[in-house]
Amino acid sequence: MDLFTPFDCRDVTARNRVMVSPMCQYSCEDEDGLATDWHLVHLGSRAAGGAGIVMSEATAVTPRGRISPKDLGIWSDDHADALAPVTEFIAEQGATSAIQLAHAGRKASTNRPGDGGGPVHGDRGWTPVGPTTEPWPHDEPLSTERLDAADIERITEAFTEAAVRAVDAGFDIVELHAAHGYLLHEFLSPVTNTREDDYGGSFENRTRFLREVVVSVREAIPEGTPLFVRISATDWLPDRESWTVDDSTRLAAELRPLGVDLIDVSAGAIHPDQQVPDTGPHYQVPYAEQVAESGVPVGTVGKITTPEGADEIIRNGRAALAIVGREHLRDPYFALHAAESLGYELPVPRQYTRGFQ
Ligand SMILES: Cc1cc2nc3c(=O)[nH]c(=O)nc-3n(C[C@H](O)[C@H](O)[C@H](O)COP(=O)(O)O)c2cc1C
């Protein structure tokens with residue numbers, strides 16, 4: 001097994017084990033969540049660049065679930081129609097397409113990083129929702145609405161409808177975003193979830209919302225479509241009651257029988273007080289290895305920047321997928337270059353073969 005061993009999952013075979021990590025592009029022109037030429041060119045060029053799986057950015061299942069006004073969405077059929085050319089192009093390049101379905105929860109209505117971050121107040125902004133009314137601690141926090149059980153059911157339905165639309169738009173893999181302090185993570189973590197109803201308190205209650213979304217999405221999408229879940233393995237808040245790697249391992253074991261095929265293991269971002277450890281190369285691989293003890297296949301992400309490093313992770317069975325984020329912003333042809341330098345068969349687009357002879 002190595003980086004260029006195909007990845008088989010249900011009815012999908014990805015040509016190699018390099019996955020483009022989901023990365024927000026903040027590029028919807030009219031703040032309407034519709035994919036633009038940017039999304040086609042950005043995701044399409046990573047597919048032409050040889051990646052096995054090309055994952056979309058966090059794609060909002062409701063308008064209030066966007067992080068920033070310019071985030072991608074999939075809350076209507078028009079959104080799916082706008083994404084269909086993207087999946088078609090990715091498939092033409094021999095790559096596998098994946099979509100990350102997301103709800104930003106209390107971190108919604110935020111300016112994109114290039115605009116300084118911080119909350120979007122006024123007409124362009126909206127009221128975020130969360131497990132409680134406790135807002136994300138911006139300097140000038142937005143008032144935040146606590147979801148009741150009926151709201152939770154509606155958002156579960158929104159994830160489900162979005163997943164069906166995504167499959168109709170041609171996506172091969174569906175991933176649920178339950179990491180980075182967004183809505184599903186906010187329910188998992190005792191840092192943000194202090195509810196006293198069926199959705200708060202015990203581990204079972206805090207994981208209920210995610211489990212309900214998983215069950216509902218799994219039932220609605222085809223049997224052959226893989227379902228991934230991205231989690232933050234740890235909240236990086238060791239000094240208070242928080243979500244830990246042990247919790248993640250237990251969660252993974254519980255998600256497997258519900259039809260989850262892979263846990264995409266990231267970390268952090270539930271609270272600005274987090275204590276991020278040394279973020280050297282591959283710093284999150286040990287979390288993935290621990291989560292894999294659950295018996296569920298894992299993907300690992302975080303400072304994977306070299307072909308040799310990505311290959312080592314797969315060869316040594318440390319993860320099933322090497323998920324590459326920022327290096328793909330620097331080099332859309334990361335996988336192609338990896339194949340070239342490691343001596344594997346090149347996934348070169350026909351049009352580019354003369355450049356590699
Ligand atoms: C510009 C940018 C946007 C990101 N957007 C998302 C996102 O939409 N969903 C997500 O789960 N992670 C997102 N992330 C985190 C990355 O997917 C990845 O986990 C992180 O950058 C660490 O991997 P890397 O060191 O390979 O970049 C984003 C990161 C960057 C740099």
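In this predicted model, the side chain of Gln100 places an N or O atom 2.8 Å from a nitrogen atom of the ligand, and the protein as a whole covers 82% of the 600 Å² of accessible area that the ligand has on its own. The ligand sits in the largest pocket, which holds about 1,100 Å³ of space, while the second largest pocket holds about 180 Å³ and a search of the whole structure finds 1 cavity of 30 Å³ or more.

**Ligand surroundings**

- The shell around the ligand consists of 16 residues, and the closest of these are Ser21, Pro22, Gln100, Lys303 and Arg326.
- Sorted by class, this shell contains 6 nonpolar, 6 polar and 4 charged residues.
- Arg326, one of the closest residues, has a polar side-chain atom 2.6 Å from an oxygen atom of the ligand.

**The largest pocket**

- The lining of the largest pocket, whose space comes to about 1,100 Å³, is made up of 44 residues, and those closest to the centre of the pocket are Pro22, Met23, Tyr26, His180 and Arg230.
- By class, the lining of the largest pocket divides into 19 nonpolar, 18 polar and 7 charged residues.

**The second largest pocket**

- The residues that line the second largest pocket are Thr62, Arg64, His103, Val129, Glu145, Arg146, Leu147, Asp151, Arg154, Ile155 and Ala158.
- Strand 7 (145–146) and helix 3 (149–168) each supply at least two of the lining residues, and the largest share, 4 residues, comes from helix 3.
- In this lining there are 4 nonpolar, 2 polar and 5 charged residues.

**The cavity**

- Rolling a probe the size of a water molecule over the atoms shows where empty space is left.
- The largest cavity contains about 40 Å³ of space, and its lining is formed by Val20, Ser21, Met23, Gln25, His39, His42, Leu43, Met55, Ser56 and Glu57.
- Helix 1 (37–48) and strand 4 (53–60) are the elements that give two or more residues to the lining of this cavity.
- The cavity lining has 4 nonpolar, 5 polar and 1 charged residues by class.

**Backbone points to check**

- Most residues other than glycine have a negative phi, and most peptide bonds are trans.
- Tyr26, which is not a glycine, has a positive phi of about 50°, and this residue is found in the loop between strand 3 (18–20) and helix 1.

Methods
Residues are numbered from 1 along each chain as its sequence is written. This is a predicted model: local features need pLDDT of at least 70, side-chain atom pairs count only at pLDDT 80 or more; totals for chains, interfaces and linings use all residues. Side-chain values use heavy atoms; hydrogens and water are left out. A residue is near a molecule or strand if one of its heavy atoms lies within 4 Å of it. A polar contact is a pair of N or O atoms within 3.5 Å; within protein, one must be able to donate a hydrogen and the other to accept it, and residues adjacent in sequence count only if both atoms are side-chain atoms. Accessible areas come from the Shrake-Rupley method with a 1.4 Å probe; for residues, only the protein chains shown count as cover. On a 1 Å grid over the protein atoms alone, a cavity is a set of points where a 1.4 Å probe fits but cannot get out, and a pocket is an open set with protein on both sides within 12 Å along at least five of seven lines; lining residues have an atom within 4 Å of a point. A molecule sits in a cavity or pocket if more than half of its atoms lie within 2 Å of its grid points. Ala, Val, Leu, Ile, Met, Phe, Trp, Tyr, Cys and Pro count as nonpolar, Asp, Glu, Lys and Arg as charged, and the others, Gly among them, as polar. Grid points are joined across faces, edges and corners, and a volume is the space filled by probe spheres set on the points.
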